[in-house]
Amino acid sequence: MTSDTSTRRHAKRRRTGLLAAAGALVVAGSVAVPLTAQATGAAPADTARQRDFAAAAEEFHVPEQLLLAVAYQESAWDGHAGRHSTTGGFGPMHLTDVTAEMVSGGDAGAVGRSDIASFVADPALHTLQAAAKLTGLSAKELRGDAAANIRGGAALLASYQKAAGGSVSAEAGDWYGAVARYSQASQAQGAKAFANRVFATLAKGAGRTTADGQRVTLAAMPQVKPATSQLAKLRLKAAATADTECPATVDCSFVPAASSNGQVSSRPGNGIRIDSIVIHDIEGSYESAIATFQTPGSSAASHYVMRSSDGAVTQMMPTKDIAFHAGNYSTNMHSIGIEHEGFAAHGADWYTEAQYEATAELVKYLSERFGIPLDRQHIIGHDNVVGPSSATVSGMHWDPADGWDWEHFMALVGAPAEGRHGVGDIGSVVTIAPGFERNQQTVEVCPSDDPTGATPECTKVTHASNSLFVRTAPSATAPLFGDQAIHSGGDGTDRINDWGSTV
């Protein structure tokens with residue numbers, strides 16, 4: 001099977017012929033599945049970004065491995081070509097510079113909100129400006145140049161260390177308080193959770209090739225002992241957690257959704273089993289999802305909403321209740337929904353490591369509590385939810401889309417996608433596992449696909465993908481395979497109903 005291009009269609013229109021992979025089910029049922037790998041080639045990786053981290057660490061006297069660990073949690077070391085995240089952060093160090101336009105613009109924002117001006121005045125939303133003062137670099141450089149952004153982040157981290165009365169020690173463990181402050185969390189649980197994930201990354205090490213072809217490696221340092229007592233010096237408030245159902249490792253608070261956006265139940269005590277978890281993306285910001293789910297009559301809610309910048313989570317419905325999140329009532333009855341800040345049209349741009357790791361902790365907790373198997377039959381994407389009838393297949397959603405790294409995520413939950421390789425017996429189910437980072441696929445993104453407004457015209461984009469194009473015959477010109485019969489497009493091309501779009 002070869003790489004191809006496809007149009008991302010918002011709402012009722014679908015991408016053409018992409019098949020979810022990395023352990024995704026082809027059909028339901030408990031079946032032994034041969035694992036077939038397929039990946040397209042990628043250009044040799046560059047190491048310039050690794051050198052940029054080393055230079056910035058030396059300049060501002062930050063332990064290099066610690067700086068790498070902070071950036072890994074913020075961005076997995078990606079530069080993002082000057083684009084801002086859903087929380088207004090730029091570059092590998094996720095330096096924030098949130099404007100009123102970002103908050104209020106389009107489907108992603110909070111248009112009409114009366115307190116936008118005071119909201120965006122929070123210094124935590126303008127760390128890029130603070131980094132500009134510390135380094136003398138312009139805001140433009142810090143937004144668009146990855147090396148400059150890394151320098152800015154290192155300077156900011158060093159300033160936090162000095163403000164806490166600490167020396168710029170060569171010992172990474174002495175920087176726990178500075179790392180906690182770098183999270184910009186306003187509550188102690190969030191700062192602690194972020195710092196703990198940074199030091200866990202430091203202990204186990206990491207390595208990857210970024211979306212723009214930079215190979216970065218963080219050597220494991222299991223001997224580091226973080227000075228966790230420094231957290232108290234930040235004097236952060238503690239969030240109320242009495243009503244939450246979350247593991248202790250996740251920064252979790254409770255905000256109730258409108259009662260009309262779900263159904264009161266007493267699962268599983270009433271005999272309705274909870275046997276699956278559905279991963280979504282919001283197609284907007286963390287705050288916009290919470291506001292939508294609190295709005296009576298919006299007919300949508302999930303049990304949890306996950307923020308991209310630090311992995312903080314808001315629970316909005318008790319797990320015993322049925323949330324309207326999947327577009328299929330049967331699935332809603334038996335599942336728990338987790339929404340993620342992000343946009344399907346931007347692929348993997350801002351599904352952060354903090355999100356992946358916090359979600360993995362939450363999924364493992366829910367799995368143990370309800371006996372949900374940790375496999376891709378039971379841990380699914382919204383794009384894996386089937387239409388309740390043939391007529392509704394074309395209206396199903398496509399989130400979290402091919403930019404969600406299922407291979408990485410399932411490894412984090414302790415259930416890596418693996419199995420017997422090769423072609424199975426006739427009639428058996430085959431799982432296609434193309435990998436992610438080296439599986440570069442090209443799709444076409446149009447303005448209607450992108451609520452952020454960052455796509456002014458239809459543009460072909462190549463990025464890492466958990467999916468690939470599957471044709472109905474062993475030929476590059478054969479029709480693409482999809483959920484239903486192929487329909488002729490108005491432009492003379494063949495289109496297939498595939499996955500849906502928004503919350």
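**Two disulfides, one at a time**

Let's start with Cys 446 and Cys 458, which are linked by a disulfide with an S to S distance of 2.1 Å. (A disulfide here is a pair of cysteine sulfur atoms within 2.5 Å.) Both cysteines sit in the loop between strand 17 (440–445) and strand 18 (459–464), so the bond ties together parts that are 12 residues apart in sequence. Strands like these are DSSP runs of E, at least two residues long, and they are numbered from the N terminus.

Before going on, a word about what you're looking at: this is a predicted model, where local features need pLDDT of at least 70, side-chain atom pairs count only at pLDDT 80 or more, and totals for chains, interfaces and linings use all residues. Residues are numbered from 1 along each chain as its sequence is written, and side-chain values use heavy atoms, with hydrogens and water left out.

As for its two ends, Cys 446 is buried, at 4% relative accessibility, while Cys 458 is partly exposed at 41%. (Buried means under 20% relative accessible area, exposed over 50%, and partly exposed in between, using a 1.4 Å probe and protein chains only.)

How many disulfides does the structure hold? There are 2. Cys 246 and Cys 252 make up a pair too, with their sulfur atoms 2.0 Å apart. Here Cys 246 counts as buried at 16% relative accessibility, and Cys 252 is buried as well, at 4%.

Finally, the pairing pattern: number the bonded cysteines of the protein chain in sequence order, and you get 1-2, 3-4.

Notes
Helix = DSSP H or I, 4+ residues; strand = E, 2+ residues; numbered from the N terminus.
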